[in-house]
Amino acid sequence: MHRLTHWLLPLAAILTPAATAAAQDSAPPRLESRNGQHALIVDGKPFLMLGAQVNNSANYPDMLPEVWPAIEKMHANTVEVPIGWQQIEPEEGKFDFSFLDALLPQARERNLRLVLLWFGTWKNTAPSYAPDWVKLDQKRFPHMINAKGEVHYALSPHYRSTLEADKRAFVRLMEYLKKHDPQHTVIMIQPQNEPGSYGSVRDFSPVAQKLFDGQVPAPLLKQMKKKPGSWREVFGSDADEFFHAWSIASYTNEIAAAGKAVMPLPMYMNAALAAAFGRQPASTYSSGGPVHHVIDVYKAAAPAIDIVAPDIYARDHAAYMAYLGYYDRPDNALFVPETGNDKDFARYFFPAVGMGAIGFAPFGMDYTGYYNFPLGAKDLDDATMEMFARNYRLFAPMQREWAEWAAQGKTWGVAEPTDPKAQHAQHIDMGKYNMTVTFGQWQFGTDKPTGNPEPSGGVAVAQLGENEFLVTGFRSRVYFGLSKPAPLESMMLLRVEEGHFDHGKWIFRRLWNGDSVDYGLNFTDREQVLRVKLVTYKGTPPIPVGNPN
Ligand code: DGJ
């Protein structure tokens, strides 16, 4: 029996189909946070977004036949799709929602949910998706000015004219959803896309300078526990970037709040990341965007933004894990709205969902013929697609249960490391028990882990009770251990069931025993979910012992 307290509903209500239907509510999706853990609530229950983001120019009805086959092959339950400002308001005040007229019913037919990406004032910092009438009128929609006094390519966050124009279009989009999406096919909105500016840490125009010379706003002082003063006085060498982040976050907050007043969907902003370790000059990354060292600025400036989220294209294991850690906070739900779609990124799904991410979405998942290599794959061939598809096939039957366990803080996960110091192993501390996960061992015996030929292993584990765990993964070996054994205290695997979830019910397939468990639990390329019961006893550990611990 499940011993943990449940997120929203008693266990029976979650695990029986009838109760599931009864529990569904028609309230809009929302983000709920308790005790520093988070859940995206969709149809009244925690939801794990098995996501995919389409390429930038896939946002036209004609492209959808090249999108759906990839999404289906991937077994995603949610698709992230751009909506360009230029697309819905090509002429000022004249709106065209024909793409959404096509997108929404086609997604519903396929039982898919959507996340809409508002490419407005900033798309990868530039105004590329702003309508022509915005691009061509720098007087009404001023650009930033760099420190040398030159006009910068990015729109400035300091002008009401730009903010009001973006807000008006965004509100129209939300009004469209209120009218045309009562069933909440759209579960989340991303206002702006990777905002900030490259090449200039902030706007140096006289309008911006006047604000910069003024006092730091009180909510930011409170968030960062600082005494009043000017930006420079309070933040020293960080002042320019923090000021810019505050300005962009406040600007987008006003737009998001106006949209939420129409239709209160969860909203998040995504970051083009700064270096994972150390600080580089702010002019070299998207200064002012929600990079990890300004999350507090966004939290203070943008209460209408529920989440700030990392777009993770770093292939390096240490960097990837660091980014997940930076954005996984009691005041910020972890969500990976973009990641590379090359094979080596697929394994990072496991630590992401293990850390309780509400969703994960590789970028460029369509057959429109565009590939963003070297960020992602050179080609979305079947072998590449399969690396992502198998993760989602594995989790789709239990995504609701997983989201619930994650919301209780009872999930963990690891990906195969590449740093030689890690010796092809990862450790997870689950309290009373721990886990060692190795990569590149035969299934029998105690050979040294050598790593897989390509980094591709991953494991995720959820605690179901004091001595019971659900564990799954690929290309790895799992050993359970006791964290602090008393003298002569040992543990053994009482029962290892392979099975799967079906509408909340655990379906038993077989027991793993003998060779299958004597040298750890070996996950291969097969999709296998194990339910493991452990027991402790007084005595020596069982032999053979595969656990290197
Ligand atoms: C991150 C952006 O958010 C995406 O829209 C896209 O431009 C990728 N970078 C690169 O393909």
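Buried means under 20% relative accessible area, exposed over 50%, and partly exposed in between, using a 1.4 Å probe and protein chains only. Helices (H or I, at least four residues) and strands (E, at least two) are DSSP runs numbered from the N terminus. This is a predicted model, where local features need pLDDT of at least 70, side-chain atom pairs count only at pLDDT 80 or more, and totals for chains, interfaces and linings use all residues. Residues are numbered from 1 along each chain as its sequence is written, and side-chain values use heavy atoms, with hydrogens and water left out.

**Stop 1: helix 16**

Select residues 399-407. Trp-402 and Trp-405 are among the buried residues. Now step to Gly-409, which follows helix 16 and has a positive phi, near 75 degrees.

**Stop 2: the two domains**

Colour 48-398 as domain 1 and 415-538 as domain 2. These bounds come from an automatic or database domain assignment. The C-alpha centres of domain 1 and domain 2 are 36 Å apart. Their contact takes 16 residues from domain 1 and 21 residues from domain 2. Contact here means heavy atoms within 4.5 Å.

**Stop 3: the ligand**

A residue is near a molecule or strand if one of its heavy atoms lies within 4 Å of it. The surrounding residues include Lys-123, Asn-193, Asp-311, Tyr-313, Phe-363 and Leu-375. How does the shell divide into nonpolar, polar and charged residues? It has 3 nonpolar, 5 polar and 4 charged residues. Ala, Val, Leu, Ile, Met, Phe, Trp, Tyr, Cys and Pro count as nonpolar; Asp, Glu, Lys and Arg count as charged; the others, Gly among them, count as polar.

Next, pick out the distances to ligand oxygen atoms. A polar contact is a pair of N or O atoms within 3.5 Å; within protein, one must be able to donate a hydrogen and the other to accept it, and residues adjacent in sequence count only if both atoms are side-chain atoms. A polar side-chain atom of Asn-56 lies 2.9 Å from a ligand oxygen. For a side-chain N or O atom of Glu-194, the distance is 3.5 Å. For Glu-338, it is 2.6 Å. The protein covers 89% of the 300 Å² of accessible area that the ligand has on its own. Such areas come from the Shrake-Rupley method with a 1.4 Å probe; for residues, only the protein chains shown count as cover.

**Stop 4**

Go to the loop between helix 13 (317-327) and strand 12 (336-339), and select Arg-329. Arg-329 is buried, at 18% relative accessible area. Its contacts beyond four places in sequence include Gly-36, Gln-223 and Ile-295. The side chains of Arg-329 and Asp-296 form a polar contact of 2.8 Å.

Asn-332 sits in this loop between helix 13 and strand 12. Its relative accessible area is 0%, so Asn-332 is buried. The Asn-332 side chain makes a 2.8 Å polar contact with the side chain of Lys-299. A polar atom of that Asn-332 side chain also lies 2.9 Å from the backbone oxygen of Tyr-327.

**Stop 5: strand 15**

Jump from Asn-332 to Gln-426: 94 residues apart in sequence, 25 Å between C-alpha atoms. Gln-426 belongs to strand 15 (residues 425-429). Gln-426 is buried, at 16% relative accessibility. Beyond four places in sequence, Gln-426 touches residues including His-317, Pro-417, Met-435 and Phe-439.
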